[in-house]
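Work through the following exercises with the sequence and the coordinates at hand. Each task is followed by a stepwise solution.

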Amino acid sequence: MLHWLAAARARLIPRGRPGAVLVDLGCGAGLLAPHVEGYHHIGVDFSQEALRQAREHGVHPVRGDVLAVPLPDECADVVVAGEILEHVHDLRGAVAEACRLLRPGGLLVLDTLADTALCRLVAIGIAERVAGLAPRGVHDPALFVDRGVLLEECARHGVRVALRGIRPSLTDLLAWSVRRGRPVRMVPTSTTAVLFQGAGRKNG
Ligand SMILES: C[S@@+](CC[C@H](N)C(=O)[O-])C[C@H]1O[C@@H](n2cnc3c(N)ncnc32)[C@H](O)[C@@H]1O
């Protein structure tokens with residue numbers, strides 16, 4: 001499912017101009033890289049193995065914690081936080097770091113899981129335990145993201161973010177369940193109460 005999410009995330013990121021920098025927080029294996037063009041793509045992760053795989057996708061690895069990123073202020077044209085905020089113990093700290101890295105006018109793009117009972121049912125009860133869309137135990141529901149806090153914290157750091165819910169296309173998911181390996185499109189949905197994306201530009 002991370003592959004499907006990376007493709008959907010990339011659709012929010014315009015092609016980079018020469019010299020443009022994209023900082024990918026919690027880059028994992030660099031799944032975003034094949035979908036974005038025109039950036040010096042820096043991946044931050046604390047997993048050495050993830051960074052090794054990301055490098056194979058052309059990502060420039062930086063080992064570190066997304067709560068204290070070893071990169072200078074305002075170094076990025078685009079900061080991406082894909083499927084990472086629901087893994088950190090300090091949401092406000094992670095948002096502050098993401099916004100610190102972003103240059104004025106730069107774009108913040110994120111996707112994550114909402115702190116709701118519906119999300120716990122769908123992301124853990126169904127996606128992990130029934131459908132096998134994510135490894136069992138990969139999510140700690142206590143870390144799911146409070147959308148109000150997220151928006152408030154982004155705004156406090158000068159980034160007004162708009163959220164929209166997304167879900168897998170049901171027809172694609174059906175086809176995938178018959179024959180794994182086929183890509184599944186993520187499509188907009190009316191609620192941000194489960195899986196959602198966010199995007200916004202920094203003031204200035
Ligand atoms: C669910 S994966 C998402 C990877 C990638 N963004 C994607 O969408 O394919 C979460 C990644 O965040 C990394 N991670 C989790 N907490 C982190 C932290 N505090 N600092 C740096 N990396 C972290 C993990 O090592 C893992 O690679």
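**Exercise 1.** Which residue in E8 is the bridge partner of Arg164?

Solution. The model is predicted: local features need pLDDT of at least 70, side-chain atom pairs count only at pLDDT 80 or more, and totals for chains, interfaces and linings use all residues. Residues are numbered from 1 along each chain as its sequence is written.
- Step 1. Locate the elements, which are DSSP runs numbered from the N terminus (helices, H or I, at least four residues; strands, E, at least two). E6 covers 162–168 and E8 covers 195–201.
- Step 2. Check the pairing, for which DSSP must find at least two bridges between the strands. E6 and E8 are antiparallel, with 4 bridges.
- Step 3. Read off the partner: Gln197 in E8 is bridged to Arg164.
- Step 4. Treat E7 likewise: E6 and E7 also pair in the antiparallel sense over 4 bridges, and Pro188 in E7 stands opposite Ile166.

**Exercise 2.** Find the buried residues of H1 and the strands against which they pack.

Solution.
- Step 1. Apply the burial cut-offs, counting other C-beta atoms (placed from the backbone) within 10 Å: 20 or more is buried, 12 or fewer exposed, and in between partly exposed. In H1, Trp4, Leu5, Ala6, Ala8 and Arg9 are buried.
- Step 2. List their packing partners, taking contact as C-beta atoms, placed from the backbone, within 7 Å. The strands are E4, E5, E6, E7 and E8.
- Step 3. Turn to the ligand. H1 (residues 2–10) gives the largest share of the shell around the ligand, 3 residues.
- Step 4. Describe that shell: 19 residues surround the ligand, with C-beta atoms, placed from the backbone, within 6 Å. Gly26, Gly28, Ser47, Val66 and Gly82 are the closest.

**Exercise 3.** Which residues have the most contacts inside the largest nonpolar core?

Solution.
- Step 1. Such a core is a set of buried Ala, Val, Leu, Ile, Met, Phe, Trp, Tyr and Cys residues joined through C-beta atoms within 7 Å. The largest has 57 residues, and Leu25, Val78, Val79, Ala98 and Leu108 have the most contacts inside it. E5 supplies the largest share of this core, 6 residues.
- Step 2. Follow Val79: not counting residues up to four places away in sequence, Val79 touches Val23, Leu25, Ala98, Leu101, Leu102, Gly106 and Leu108.

**Exercise 4.** Why is Gly58 classed as partly exposed?

Solution.
- Step 1. Gly58 lies in the loop between H2 (48–56) and E3 (60–63).
- Step 2. Gly58 is partly exposed because 13 other C-beta atoms lie within 10 Å.
- Step 3. Leaving aside neighbours within four places in sequence, Gly58 is in contact with Ala33 and His41.

Conventions:
Near = placed C-beta within 6 Å. Contact = placed C-beta atoms within 7 Å.
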